[in-house]
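Here are a few notes to go with the model, written for reading side by side with the viewer.

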Amino acid sequence: MSAIRSRPAWSTVTFPKTAWRLVRSEAVKLWSLIATRGVLLTLFLVPIVLGAIRVLPVPVFTDEVIERDSTPILFESIALSALPMAFIAAVVGIIAVGSEYVDDVLSGSLAAVPRRAALILAKVVPAAALTFFVSVFGASAAAWIAFVTLDSRGYLAASLFETAMLVASVAAGCALFAILGVAAAAVSRSTVMAVLIVLSLVFLVSRLVLVIAGEAGLQLVEWLPSSALQAMTTHGPAEAIVTDMAPASSLSPSQGSIALLVFALGALGLSIVTFSRRRVHRVIGVRRAPQFFPLERRMRALPLRSTFAGVIRSEALKARSAPSVRWLLLLSLLANVLLAVQWAGLTTPEQQQPDPVRAWDLEYLTFDQSNRAIIAGIALTHLLIAGVGAIIATSDFATGAIRPALAAVPNRARLVLAKVFVAAAATFIVSAASLITAAPLVVVVLQHQGYNASLTDPVIGLSILRGSLVLVLTAAIGSGLGFIVRSASGTLLTLAATFIVFPYVLSWLQEPTRRTPFVWFANISQLFPDPIEAAGLHHPSTSYQILDTENRLHFGSELDLPVLLVWATATVLIGWLGLRRRGV
């Protein structure tokens, strides 16, 4: 009689028995989601659209053209979409893991696959493979369109091997960002937090490092994912395509590839360890947290009514009970104070102006530095505040409480306005308190640096008021988009595209499309909301040109603030109309 061999428990289940079956099962599960197919279609179309916009304005070759080589233009048309594609690829990774929590099927998945590390790795393979191949097809189509266009206009063709290497670099970067998305979702156990983590890694961390460390932080920024991707997809003689407040990386494409690979694998390893050592779902405490604020206790004791004041009180209590809202507001408060003080101590008047500083120069430099220091935190906090508005607006949709809410408040306009009011009021309180706290600290630091700053200067009060108003409007935009999208994670992705991705791509296109009709398409970048510029103040003696001689638009703070107001009004109005006409 043969000896009975002991087998691990996972081998006795019928689903799945091998690593290949497990990967295939996760691939089928990922592809079956409508969101995945929509995101992958966007991933395919983005490089084609952006690449076509880059090469269409190129003039027909004539003897007056100095450079006939099409390599720089061809490479730029491919690399232009690298960051938007990578961000979209990260969303695929978030969906792969986040769908388990949203649909509450994680317990069943772990019952079939007890080894959690194997489950995460099985989700990484299809997410990375899908994004890689879709990116290859999209970037190749963009390269083919650029090649045909440039060839028809008399330019010399670029090397096929170098073009293929650039396409492979873009696709590899997308696959690595998909791994980052999987890691973020596995660590956070929430699609909302995963999106926030990816947004922070891609857009916020580099800004935070540069504001805190100045030039000393450039070496660290170069090894972060967004800068590493930029170095990875920059192949000479094309120019580097960088985001706002992020300088061009000095790393080579191979160094950028290694940096991004190490970062992705490190994040994946951390996520596997974290995911393997904790509970499947969060533990919700049965005891209510103590209420320290007498006003909140009084609000809870009052009976709820369907009047507008009662709806506001109800929405305020719901927002107060959301941990993500409290954390985002707290981070915004700290960032506004700390970054303001840090910015004030970065430079001296002599560093800003090498020539001898006269009295008028010192006044101008003090005005500019005072304003920039007080609003320095908005470079980080505007996305956090927009997230506050988005979470408050989508909280009922996320929990399924939208039907009871509408049953209690049949007037949908009242419900929308109450949520927007709560988001705006909380934002105003936090932003005004943080900027007022930062103002005297900024003045002391500026005086120590040699500036002629005073707390009674009009620029101090104007900076506080304008910064608070800008953040209030940003919170309203987040709420409006939340009602339109009806998903916290989807709204955060839309906010990132609205505030960063689309303006970054279109503003970069202003230079290559100048003096052509296509420049008006690139000028759309000035119509996107820009809280950072909207919070700025120009010295009364400063002048700038809105429309230059090459038909490029340049909005200053005087126009950026009305644009922000229009966006806030339009998004809230469209969100209300959508809630009124669409089912819930």
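Helices in these notes are DSSP runs of H or I with at least four residues, numbered from the N terminus. Please keep in mind that this is a predicted model.

1. The loop between α10 (225-232) and α11 (253-276) holds proline 237. A cis peptide bond links this proline to glycine 236, with omega at about 5 degrees. For context, most peptide bonds are trans.

2. Next, have a look at α19, which covers residues 412-449. Its 38 residues reach 53 Å from the first C-alpha to the last, close to the 56 Å expected at 1.5 Å a residue. The helix bends by about 25 degrees at alanine 439, and proline 440 follows within four residues.

3. Both ends of α19 are worth a click. Just after the helix, glycine 450 has a positive phi of about 105 degrees.

4. How far apart are the end C-alpha atoms of α2 (residues 34-55)? They are 33 Å apart, which agrees with the 32 Å that 22 residues should span at 1.5 Å a residue. α2 also has a bend of about 25 degrees, at leucine 45, and here proline 47 follows within four residues.

5. α2 packs on α6 (residues 116-152) at an angle of about 20 degrees, and their axes are 8 Å apart. Angles under 35 degrees count as roughly parallel, so α2 is roughly parallel to α6. Their crossing is right-handed. On the α2 side, the contacting residues include Leu40, Phe44, Pro47 and Ile48, while those in α6 include Val134, Phe137, Gly138 and Ala141.

6. For α20 (residues 458-485) and α21 (residues 488-508), the packing angle is about 125 degrees and the axes are 9 Å apart. That makes α20 oblique to α21. The crossing is right-handed. Among the residues of α20 that meet α21 are Thr474, Ile477, Gly478 and Leu481; their partners in α21 include Gly490, Thr491, Thr494 and Leu495.

7. Most residues other than glycine have a negative phi.

Terms used. Residues numbered from 1 in each chain as written. Predicted model: local features only at pLDDT ≥ 70, side-chain atom pairs only at ≥ 80, totals over all residues. Heavy atoms only, no water. Helix = DSSP H or I, 4+ residues; strand = E, 2+ residues; numbered from the N terminus. Expected span 1.5 Å × (residues − 1). Bend = angle between axes of the 7 residues up to and from the residue. Axes fitted to C-alpha atoms, helices over the stretch in contact; angles between N-to-C directions. Parallel < 35°, antiparallel > 145°, perpendicular 65-115°, else oblique. Left-handed = near helix turned anticlockwise from the far one by under 90°. Contact = heavy atoms within 4.5 Å.
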